Amino acid sequence: MPMALQAGLWGLLSGSALLIGAAIGWFVPMSRRVIAGIMAFGAGVLISALSFELMEEGWERGGILPVAGGFLGGAIVYTGLNLLLAWNGARHRKRAEAHKRVEQKQEAAECGNPEAAQPGGNSMALALGALLDGIPESSVIGVSLIEGGKIGLVAVAAVFISNLPEGLSSAAGAKAEGKGAVFTFGLWTGIALIAGLASLIGYVAFAGVAPGAVAFVQALAAGAILAMIVDTMVPEAFEGTHDFAGLISVSGFLVAFGLSKLG
């Protein structure tokens, strides 16, 4: 199988977590603590992946200048785009209690309180936020295949875990806004396909280019991912798990670190 196609399929696999999360948000009421715990664990896994599969490899490929420039640039670009989305309703796109808000709005509507029943967020903005988070994550999967043809399984696992609460939040928000299941799952299917395409492009666009350029792209993704973790995942994970957030995140980091070294 061509390596570009393999990259696309691995990216599609990681993006499929958005659909799984959306199905959970639409059909299954889950404890906020459980969802926040998944988010905390995923944050630890992502930090390990960006440290050892992006920054370290980028350093070995290109040295300090492309790595430092890409890392800061990724954080700056992500922060700017994230602010735009936050102003349009995507501030809490990874919020663990979105399903609870759906139930509250439904109860408000049944009690004849239409103002309280109005949705507080914008599900389309949440979907755009998922794209903002997912494109650098998925492109990393493709880049990881460039040398040696070995996929970074830790990177795939990290992206998969981080996508679960994002799909959950947006699907729950779409349900609260009265959108249909066909629209909601069609939207998330499209986003999952874009994740696969981003991974394929990450491989095709940077295979054969100078090592310094690949290092810059790896660091760019790492900076965007770290900014995303701190801006969106950590606050929500702590809000749901409180004093256990650090321990759960450390556990995720340790598992990912062990897998990367054993692999």
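Visitor: What is the relative accessible area of Glu57?
Guide: This is a predicted model, where local features need pLDDT of at least 70 and side-chain atom pairs count only at pLDDT 80 or more, while totals for chains, interfaces and linings use all residues. Residues are numbered from 1 along each chain as its sequence is written, and side-chain values use heavy atoms, with hydrogens and water left out. Buried means under 20% relative accessible area, exposed means over 50%, and partly exposed is in between (1.4 Å probe, protein chains only). Glu57 counts as partly exposed because its relative accessible area is 30%.

Visitor: With which residue does Glu57 form a salt bridge?
Guide: Side chains of opposite charge can pair when their charged atoms come close. A salt bridge here is a side-chain nitrogen of Lys or Arg within 4 Å of a carboxyl oxygen of Asp or Glu, and the count comes to 1. The closest N and O atoms are 4.0 Å apart, and the partner of Glu57 is Arg61.

Visitor: In which helix do Glu57 and Arg61 both lie?
Guide: Helices are DSSP runs of H or I with at least four residues, strands are runs of E with at least two, and both are numbered from the N terminus. Arg61 is buried, with a relative accessible area of 16%. Glu57 and Arg61 are 4 residues apart, about one turn of their helix, which is α2.

Visitor: Which side chain makes a polar contact with the side chain of Gln218?
Guide: Gln218 sits in helix α9, residues 211-241, and it counts as buried because its relative accessibility is 2%. Its contacts (heavy atoms within 4.5 Å), leaving aside neighbours within four places in sequence, are Glu53, Leu54, Glu57, Gly58, Arg61 and Val143. A polar contact is a pair of N or O atoms within 3.5 Å; within protein, one must be able to donate a hydrogen and the other to accept it, and residues adjacent in sequence count only if both atoms are side-chain atoms. At 2.7 Å, the side chain that pairs with Gln218 in this way is that of Arg61.

Visitor: Which backbone nitrogen lies 3.3 Å from a polar atom of the side chain of Ser48?
Guide: Ser48 is in helix α2 and is buried, with a relative accessible area of 1%. Leaving aside neighbours within four places in sequence, Ser48 is in contact with Glu53, Phe253, Ala256 and Phe257. The backbone nitrogen at 3.3 Å from the Ser48 side chain belongs to Phe257.

Visitor: What distance separates the C-alpha atoms of Ser48 and Ser260?
Guide: Among contacts in the protein between residues at least 6 apart in sequence, 89% join residues at least 24 apart. Ser48 and Ser260 are 212 residues apart along the chain, and their C-alpha atoms are separated by 8.9 Å.

Visitor: What is the phi of His242?
Guide: Most residues other than glycine have a negative phi, and most peptide bonds are trans. His242 lies in the loop between α9 and α10 (245-262), and counts as partly exposed at 40% relative accessibility. Although not a glycine, His242 has a positive phi of about 55°.
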